[in-house]
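Please keep the sequence and the model in view while reading.

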Amino acid sequence: MTTTLSERVSQSAFDGSMLRVVLLMDLHEGAQQRFFDAYEQLRHDIASVPGHLGDQLCQSFANPSQWLITSEWESAPQYLAWVNSEEHAEQVRPLGACARSMRPLTFTVLRETGKRYEAPERAAGGRLQGAPRLGEGIVRHALTFTVKPGSEAKVAEILSSYSSPAARVDDHTRLCRTSLFMHGNRVVRAVEVQGDLTAALRHVSEQPEVRAVEHAINPYLEQHRDLSDPESARMFFMRAALPAVHHVAAHGPQPDRVTRHALFYPAKAGCGPLVARFLARQDETAAKIPTSPVLSSSIFQRDDVVVRLLDVKGPADARFAAGFGLEGPRKAAVLHRLLAGAPGTAPAGPHPMDLITDRRAPAQS
């Protein structure tokens, strides 16, 4: 990890910037009016959501089956709190039933220019992103779900035994890496995609070897799903989504010997965003230490589920990973106050997760 923002790859939901969300949709024939009615209901429901500033509904004049919904939010955490909620899942269900495909995109607002924004009478808007960030063309995402207690060993066996799907999705999209971890009965699958995440996830789900694995673990899932029913599958993966809310990494090629660790942070009820924000601050501080062996850190958070993924230069054990960025008793105490333990016990520290499989695509595929 390096010393300045311009020299390291970074993303963060915690810089306070406004967020622009874009939802591209291709509707089934004859569903336009039903979709419009569903949007009218949704816009009324979302108007009272904290952080929501407004929406635009757009229809393509070249192809009336293509629609675009844009929304503006005061900050990314406020949007994520809504999009990861059960209310959101139910509110967008009627929209999803109208669409052949839905592709959500999220952007922090870096600049606002033009007459609309520069008029003297315009009220001060939300906070803008301070400076451009350095990217590397990689999108990170994770899925998490729980399996029935007692089935962990069988599920781990199933999830580690399948053949890797083809990495190449299309001319612009490629599946780069898939890492799968477990702690207790919780499964976390982290993916890294070059290009279009939605296209990559669809590509993976259509591969016979992956479909066989998903079918094999169905009996062991705590949350029922029917992958033959598109709506059931969509709702399962919507609830399983574990978004990346923070990432910082050294820029440039990585050394040959890199170990990957995942840590599960069981947050107290309602404290998941605070845990993720706390870890993000520690990562930003550690990134300024040129001798740090940690090459990258990604934080994934949904509700009170927080997972931290670390790539470490050279050998490193789980104890090092669990303590990364927590030098001194004060930081450890702050984190422990935010974490949940078993009833009647002291708060739990971060739990190192067991690596089940870590698969990288070949350099050219």
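Four strands, in the order 3-4-2-5, make up an open sheet with antiparallel pairing; strands here are DSSP E runs of at least two residues and helices are H or I runs of at least four, both numbered from the N terminus, and two strands pair if DSSP finds at least two bridges between them. The edges are strand 3 (52-59) and strand 5 (99-108), each of which pairs on one side only. From one strand to the next, the twist averages 15°. In general, the strands of a sheet pair through backbone hydrogen bonds, either parallel or antiparallel.

The model is predicted: local features need pLDDT of at least 70 and side-chain atom pairs count only at pLDDT 80 or more, whereas totals for chains, interfaces and linings use all residues. Residues are numbered from 1 along each chain as its sequence is written, and side-chain values use heavy atoms, with hydrogens and water left out.

Within this sheet, strand 2 (residues 19-27) runs antiparallel to strand 4 (residues 66-73), and eight bridges join them. Val21 has Ser71 of strand 4 opposite. Helix 1 (residues 32-46) lies across strand 2, strand 3 and strand 4, and runs at about 170° to strand 3; angles run from 0 to 180 degrees between N-to-C directions, and axes are lines fitted to C-alpha atoms, for helices over the stretch in contact.

Attention now turns to strand 8. Eight of the nine residues of strand 8 (residues 186-194) are buried, so this strand is largely enclosed by the rest of the structure; buried means under 20% relative accessible area, exposed over 50%, and partly exposed in between, with a 1.4 Å probe and protein chains only. Strand 8 pairs with strand 6 (residues 138-146) in the antiparallel sense over nine bridges, and Arg140 stands opposite Glu192. Strand 7 (residues 174-183) is also antiparallel to strand 8, with nine bridges, and here Arg174 has Gln194 as its bridge partner. The hairpin of strand 7 and strand 8 has two residues between the strands, and Gly184 takes a positive phi near 60° there.

Helix 6 (residues 197-205) contains His203. His203 is buried because its relative accessible area is 12%. The side chain of His203 reaches the backbone oxygen of Ala166 at 2.8 Å. Leaving aside residues up to four places away in sequence, His203 touches Ala166, Arg168 and Val169, where contact means heavy atoms within 4.5 Å. Ser205 also belongs to helix 6, but counts as partly exposed because its relative accessibility is 36%. Ser205 and Pro165 are 40 residues apart in sequence, and their C-alpha atoms are 9.5 Å apart in space.

A helix pair remains to be described. The axes of helix 3 (residues 86-96) and helix 8 (residues 230-240) come within 11 Å and cross at roughly 145°. Residues of helix 3, including Glu86, His88 and Arg93, meet residues of helix 8, among them Glu231, Arg234 and Met238. By class, this contact has four nonpolar, two polar and six charged residues; Ala, Val, Leu, Ile, Met, Phe, Trp, Tyr, Cys and Pro count as nonpolar, Asp, Glu, Lys and Arg as charged, and the others, Gly among them, as polar.

Finally, the protein chain as a whole has 11 helices and 14 strands. Buried residues make up 45% of its 365 residues.

Notes
Polar contact = N/O pair within 3.5 Å; in protein donor to acceptor, adjacent residues only side chain to side chain.
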